[in-house]
Amino acid sequence: MTIYQKGITHSGKFHADDVFSTAVLRLVNPDFTVERVFKVPEDTEDCIVYDIGGGMFDHHGVDVKFHENGRRYASFGLIWDKYGVMLSGSQRAFKRIEEKFVSVIDEADNGGEPDMISKVISSFNPAWDSNDDRDKAFSEAVDIAVNILSKTIEHEKAIERADSIVYQALEKMENKIVILDKFVPFSKLLTGTDAVYVIYPSLRGGYCVQGVPVEDESRDVKVPFPDSWRGLEEDDIESISGIKGMTFCHNSGFMASSDTLDTAVEIALKSMDYYKEK
């Protein structure tokens, strides 16, 4: 796989597409430099040319390529296709980042509704009446994009490291309750299983009881806690729920907390019984 030292992209106003394309290349090679031009020079043999010039990393021609989710590729997606697996460490992490991050920015660059990150990156462009250096502003935006993309990759790698822990806990599940020795990301694996609640130690002390989402990264859970518990704390929630040691229930009904593991299990069981009775 070719590791480039230099790239060429378009000058003028920049967008999240060319900025994040540059961020990928910077993560591949920290010494990577880029020249921003209005016209591609004739000699580009040792360069990667993107978002300009009509080459394999330009998306403005008639040869349209689409992501699996139907979004049209921009240069960011085309470059991520080349280097994403190497950077993310696995095909699964690569595809998740493509689906949830890369294709969203690609869509915005191709005329779709701008996402928040695309709007933020665009705000780095100097104002119309400013004399600020556009190349310097581009470089500042790339620094931000490198940080965002590297953190996104780290997050997906961490989810993969959590998988084996969640699998082991799932094998020991009882009464649709999964108990973890510590918090690890679990929703991706558990949404398609029979698991209803997950219990894990809280950083504040005690235990959290969290509903398994109906789908990954959703706040809507399979079995939310009863309405009468929501938003209550300490003595009030003990009185209403009838569970001694219950300390809190989130007002959206997706999470509750307790002093002990046994109480956490009781919370989960009583919540499921509540819906059975209804």
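A salt bridge, as the term is used in these legends, is a side-chain nitrogen of Lys or Arg within 4 Å of a carboxyl oxygen of Asp or Glu. The views come from a predicted model, in which local features need pLDDT of at least 70 and side-chain atom pairs count only at pLDDT 80 or more, while totals for chains, interfaces and linings use all residues. Residues are numbered from 1 along each chain as its sequence is written, and side-chain values use heavy atoms, with hydrogens and water left out.

**View 1. K6 and E35 form a salt bridge between two strands.** The closest N and O atoms of this pair are 3.3 Å apart. The pair links distant parts of the chain, since K6 belongs to strand β1 (residues 6-10) and E35 to strand β2 (residues 33-37), 29 residues apart. How accessible is K6? K6 counts as partly exposed because its relative accessibility is 33%, and E35 is also partly exposed, at 32%.

**View 2. D163 and K188 form a salt bridge that belongs to a network.** The closest N and O atoms of D163 and K188 are 3.4 Å apart. This pair, too, links distant parts of the chain, with D163 in helix α5 and K188 in helix α6 (residues 187-190), 25 residues apart. Are D163 and K188 buried or exposed? Both of them are buried. The network of salt bridges links R92, E160, D163 and K188, and the structure as a whole holds 13 salt bridges. As a general point, side chains of opposite charge can pair when their charged atoms come close.

**View 3. P114 is found in the loop between helices α3 and α4.** Helix α3 covers residues 91-109 and helix α4 covers residues 116-122. P114 counts as partly exposed because its relative accessibility is 39%. Leaving aside its neighbours within four places in sequence, P114 is in contact (heavy atoms within 4.5 Å) with A108 and K119. The C-alpha atoms of P114 and F38, which are 76 residues apart along the chain, are separated by 24 Å.

**View 4. The protein chain that holds these sites has 8 helices and 8 strands.** Along its principal axes, the C-alpha trace of the protein chain spans about 75 × 45 × 35 Å. Buried residues make up 46% of the 278 residues in the protein chain. Among contacts between residues at least 6 apart in sequence, 57% join residues at least 24 apart.

Definitions and conventions: Helix = DSSP H or I, 4+ residues; strand = E, 2+ residues; numbered from the N terminus. Buried < 20%, exposed > 50% of the residue type's maximum accessible area, 1.4 Å probe, protein only.
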